[in-house]
Amino acid sequence: MKEFNIGDEVWFFSTDCGRYVFVTEGTGIFPKYFNIEHGTIVGMNSKKDYVHVYIEGQQDTCCFGYCFHNECFFDSKNAAIQAMVKRLHELDSTL
């Protein structure tokens, strides 16, 4: 697993639709509103548990928890897509 640092470009998945649709602690994922984002890490602090990512053209930075950012970030778009494909295959095998 890659360790990410300030200045690294990262890819991650996002959605802005479906929060708390089915349960109060869950987020529904709608393929139509599911995105792969690309940004640059501009701030990290393990003691304050944050990683800030700047996305070109956005007004604000995205904030992730430091303790799990390595699970959310990918070092390429292809790596992100392959991780999603793997996860979808895992879900398919449970049916």
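Predicted model: local features only at pLDDT ≥ 70, side-chain atom pairs only at ≥ 80, totals over all residues.
**Exercise 1.** Classify the aromatic pair of Phe 4 and Phe 73, and state where its two residues lie.

*Solution.* 
Step 1. Two aromatic rings are described by the distance of their centres and the angle of their planes.
Step 2. For Phe 4 and Phe 73 these values are 5.8 Å centre to centre and 85° between the planes.
Step 3. Planes over 60 degrees apart count as edge-to-face, so the pair of Phe 4 and Phe 73 is edge-to-face.
Step 4. Phe 4 lies in the segment before β1 and Phe 73 in the loop between α1 (69-72) and α2 (77-93), 69 residues apart.

**Exercise 2.** Decide whether Phe 12 and Phe 64 are buried or exposed, and explain why their pair ties together separate parts of the sequence.

*Solution.* 
Step 1. Buried means under 20% relative accessible area.
Step 2. Phe 12, at 3%, is therefore buried, and so is Phe 64, at 14%.
Step 3. The rings of Phe 12 and Phe 64 form an edge-to-face pair, 4.9 Å centre to centre with 80° between the planes.
Step 4. Because Phe 12 lies in strand β1 and Phe 64 in strand β4 (residues 62-64), the pair ties together parts that are 52 residues apart in sequence.
Step 5. Phe 4, Phe 12, Phe 64 and Phe 73 form one aromatic cluster.

Note on methods: Residues numbered from 1 in each chain as written. Heavy atoms only, no water. Phe/Tyr/Trp six-rings, centres within 6.5 Å; stacked < 30°, edge-to-face > 60°. Helix = DSSP H or I, 4+ residues; strand = E, 2+ residues; numbered from the N terminus. Buried < 20%, exposed > 50% of the residue type's maximum accessible area, 1.4 Å probe, protein only.
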